[in-house]
Amino acid sequence: MIGFLVAGLVIGALARLIKPGKQNLSLLMTLVLGLVGSLIGGLIAQFFGTGDIWELNVIGFVLAVVAAVLLIGVAEGVSSKSRS
């Protein structure tokens with residue numbers, strides 16, 4: 001469980017580094033988006049037959065980072081609309 005949280009935080013941090021611009025997201029939101037991205041990436045990797053969702057593999061990790069980048073974009077869009 002602790003490994004899953006650490007992986008989610010790493011994935012969220014990498015996604016924030018990849019996404020251009022400044023994101024107004026807290027550390028907790030980065031962790032949550034990283035965790036959700038890792039679940040999505042793991043599910044897609046499992047669908048392709050590269051491993052189990054709870055297993056760390058390269059394809060799942062890359063897909064998790066991509067999913068987290070997309071989720072950060074969605075979170076930014078939602079938060080900017082709620083502010084205006």
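Reply: One definition to begin with: helices (H or I, at least four residues) and strands (E, at least two) are DSSP runs, numbered from the N terminus. This is a predicted model, in which local features need pLDDT of at least 70 and side-chain atom pairs count only at pLDDT 80 or more, while totals for chains, interfaces and linings use all residues. Residues are numbered from 1 along each chain as its sequence is written, and side-chain values use heavy atoms, with hydrogens and water left out.

Me: OK, so what pattern does the protein follow along the sequence?
Reply: Read in that direction, the protein goes α-α-α, and its secondary structure comes to three helices and zero strands.

Me: How does its radius of gyration sit with a compact globule?
Reply: The protein has 13 Å, which agrees with the value near 12 Å that a compact globule of 84 residues would have; the radius is taken over C-alpha atoms, and the globule rule is 2.2 Å times the number of residues to the power 0.38. Along the principal axes, the C-alpha trace spans about 45 × 25 × 20 Å.

Me: And how do helix 1 and helix 2 pack?
Reply: Helix 1 (residues 2–18) and helix 2 (residues 27–47) meet at an angle of about 100°, with their axes 7 Å apart; the axes are lines fitted to C-alpha atoms over the stretch in contact, and angles run from 0 to 180 degrees between N-to-C directions. The two helices are therefore roughly perpendicular to each other, a term that covers 65 to 115 degrees.

Me: Which residues make that contact?
Reply: Taking contact as heavy atoms within 4.5 Å, helix 1 contributes residues including Phe4, Leu9 and Arg16, and helix 2 contributes residues including Leu27, Gly34 and Ser38.

Me: Let's stay with serine 38: is it buried or exposed?
Reply: Serine 38, which has its place in helix 2, counts as buried because its relative accessibility is 12%, where buried means under 20% relative accessible area, exposed over 50% and partly exposed in between (1.4 Å probe, protein chains only). Leaving aside residues up to four places away in sequence, serine 38 touches Phe4, Ile11 and Ala64.

Me: Changing topic, where is serine 79?
Reply: Serine 79 lies in helix 3 (residues 58–83), and at 22% relative accessibility it counts as partly exposed. Serine 79 and leucine 25 are 54 residues apart in sequence, and their C-alpha atoms are 9.4 Å apart in space.

Me: Last one: what share of the protein is buried?
Reply: Buried residues make up 32% of the 84 residues.

Terms used:
Angles under 35 degrees count as roughly parallel, over 145 as roughly antiparallel, 65 to 115 as roughly perpendicular and the rest as oblique.
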